[in-house]
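Open the model in your viewer and show the side chains.

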Amino acid sequence: MNKTTLFRSLVFFLFVGLFACSSEEAQQKTESEQRQEELEKSLEKVGEELGNIGENVSESVNENFSEAMSKLGESLEGLSKNKDGEKVEPISHRELKKFMPDKFGSIERTDYEGQTSGALGVKISTSEATYKDGDKRVELKIIDTGGLGLALMGTAVWANMEVDKESSNGYERTTEIDGNKAYEKYDAKRQEGELAMIVKDRFVVNCNFRNMDMKDAKRAIKRMDLDDLGE
């Protein structure tokens, strides 16, 4: 049932109830049948008017929503262009896969998944790999945001932050790796960590690991030839 039909049904039941009450009251007051017919016609007319208002409101909401989505699409398309006004398309997830090593450090890759998806005229590509060896596990991801740059839609919320925290269990901080803005978080007690960085203001590399030292994770990331991304 659409909004207009639902609205009309509610109006109908509302006025049926009112009419029933009015009819009962009319009988108690011994009003004429003509009076009842006039009341029924008046209520029916009001119901039609309210139904028309409901249709107009529904149409207006749909038009405004469509217009808003159209403007959002135009804005995102504008963001996906470079300084020369050219639209930047992300490379395919198949190209990204070439940068996913068969081994992360000494841990072999056991699974892979990639996709390129789009909405409102913009696309992003994602490549994900899993590495396992006993109780060691690494989840590695590379995202190409195309021309969206750091309008990453939550992909790297730390990109515009400065973080430096430390405790007896571990630390969390923003830093640099080979000149790229990076983020580190490590729990020494659990031997769990996250290492992420932004390459060329476009690619987000994210690594979550367990039962591995942060130094080993950094060493493996640096071997990935990420400077060649997008070339």
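A residue counts as buried when its relative accessible area is under 20%. Keep that cut-off in mind for this predicted model.

Select Phe-104 first. Its relative accessibility is 0%, so Phe-104 is buried.

The structure holds four aromatic pairs. Phe-104 and Tyr-131 make a tilted pair, because their ring planes stand at 45 degrees, with 5.8 Å between the ring centres. Colour the strands next: Phe-104 belongs to strand S1 (residues 103-104) and Tyr-131 to strand S3 (residues 122-133), so this pair ties together parts that are 27 residues apart in sequence.

Move on to Trp-158 and Tyr-183. How are these two rings arranged? They form a stacked aromatic pair, with 20 degrees between the planes and 5.8 Å from centre to centre. Trp-158 sits in the loop between strand S4 (136-144) and strand S5 (164-166), while Tyr-183 is in strand S7 (residues 180-187), so the pair links parts that are 25 residues apart in sequence. Trp-158 is buried at a relative accessible area of 7%, and Tyr-183 is buried with a value of 7%.

Next, select Tyr-171, Tyr-186 and Phe-209, which form one aromatic cluster. Stay on Tyr-171 and show Arg-173: Arg-173 lies over the face of the Tyr-171 ring, 4.1 Å from the ring centre.

For the last stop, select Lys-97 and Tyr-112. Lys-97 lies over the face of Tyr-112, at 4.6 Å from the ring centre.

How values were computed. Residues numbered from 1 in each chain as written. Predicted model: local features only at pLDDT ≥ 70, side-chain atom pairs only at ≥ 80, totals over all residues. Heavy atoms only, no water. Phe/Tyr/Trp six-rings, centres within 6.5 Å; stacked < 30°, edge-to-face > 60°. Helix = DSSP H or I, 4+ residues; strand = E, 2+ residues; numbered from the N terminus. Buried < 20%, exposed > 50% of the residue type's maximum accessible area, 1.4 Å probe, protein only. Lys NZ or Arg CZ within 6 Å of the ring centre and 35° of its normal.
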